[in-house]
Amino acid sequence: MERLLHSIRIGINDKIYVKDPESSDLGKRIIEQSILMIDEMGFESFTFRKLGERIKSNESSIYRYFENKHKLLLYLASWYWGWLEYRMVFATNGITNKKEKLKKAIEILTQTVEQDVSFSHINEVLLNKIVINEYSKSYLTKEVDRENKDGYFIIYKRLINRLHDMIVALDGSYPYPSSLASTILEGSLHQYFLKEHFPMLTDCNDVTTPTEYFMDLAFRALKPTVNG
């Protein structure tokens with residue numbers, strides 16, 4: 001199993017990048033250092049010039065991988081959703097009880113992130129912080145409809161659809177499975193953001209986790225069948 005996990009490759013829409021950063025050491029350094037720098041200074045202050053200085057490479061070499069920093073953010077977010085997807089699929093694959101399967105999926109999608117040694121050049125803990133703080137900037141743009149049509153958000157949507165299917169499998173009579181699935185995934189990011197920056201606006205804290213909140217939210221709404 002450990003060998004299998006190390007062989008996992010997160011597939012990203014090739015329209016997001018010019019050259020696949022996973023194809024070279026320089027590309028992996030671009031990803032590794034961009035995560036560190038965006039976490040340090042925020043997406044607005046991050047530039048390819050600063051990244052080039054950090055990795056001791058010409059700024060032009062970064063443009064051979066990404067057209068602009070917006071595309072880089074889309075790449076990082078897509079990688080994060082793909083990583084969550086593979087973790088959720090592995091964690092739920094052997095669970096036959098539908099309620100327990102959904103519970104495990106919600107746990108994976110909402111829990112505090114720990115670093116995954118399967119991907120040595122990507123710090124998943126920092127990437128999670130970037131997604132919490134910066135992800136909305138990847139789609140709150142005038143180009144969102146075109147980018148959606150081009151498949152830029154396909155992994156994000158696929159992850160929500162997987163959760164949707166688990167909800168329907170547990171309670172086919174529930175009328176809002178897509179809304180609940182997207183609320184759990186997107187809402188968990190928001191709760192972590194509120195917990196960090198606006199603690200008066202959330203009940204999540206060092207004792208009550210976002211996972212507990214979304215478990216309660218989901219299973220108050222759903223009416224599982226007798227066999228689960």
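**Terms and the values behind them**

Reply: Helix H9, residues 154-170, has 17 residues and reaches 24 Å from its first C-alpha to its last, close to the 24 Å expected at 1.5 Å a residue. The expected span is 1.5 Å times one less than the number of residues, and helices are DSSP runs of H or I with at least four residues, numbered from the N terminus. The model is predicted: local features need pLDDT of at least 70 and side-chain atom pairs count only at pLDDT 80 or more, whereas totals for chains, interfaces and linings use all residues. Residues are numbered from 1 along each chain as its sequence is written, and side-chain values use heavy atoms, with hydrogens and water left out.

Me: What covers the buried residues of H9?

Reply: The cover includes H5, helix H6 (98-110), H10 and H11. Among the buried residues of H9 are Ile155, Tyr156, Leu159 and Ile160.

Me: Why is serine 78 called buried?

Reply: Buried means under 20% relative accessible area, exposed over 50%, and partly exposed in between, with a 1.4 Å probe and protein chains only. Serine 78 has a relative accessible area of 6%, so it is buried. This serine 78 is placed in helix H5. Contact means heavy atoms within 4.5 Å; leaving aside neighbours within four places in sequence, serine 78 is in contact with Ile10, Ile12, Ile16, Tyr152 and Ile155.

Me: What makes the pair formed by leucine 74 and serine 78 a polar contact?

Reply: A polar contact is a pair of N or O atoms within 3.5 Å; within protein, one must be able to donate a hydrogen and the other to accept it, and residues adjacent in sequence count only if both atoms are side-chain atoms. The backbone oxygen of leucine 74 lies 2.9 Å from a polar atom of the serine 78 side chain.

Me: Why is H5 described as largely enclosed?

Reply: Of the 24 residues of H5, 19 are buried, so the helix is largely enclosed by the rest of the structure.

Me: Is isoleucine 132 buried or exposed?

Reply: Isoleucine 132 has 17% relative accessibility, and therefore counts as buried. It lies in helix H7, residues 124-134. Leaving aside neighbours within four places in sequence, isoleucine 132 is in contact with Leu189, Tyr192 and Phe193.

Me: How do you know that leucine 201 is exposed?

Reply: Leucine 201 has a relative accessible area of 60%, so it is exposed. Leucine 201 lies in the loop between helix H10 (177-197) and helix H11 (210-221).

Note on methods: Helices (H or I, at least four residues) and strands (E, at least two) are DSSP runs, numbered from the N terminus.
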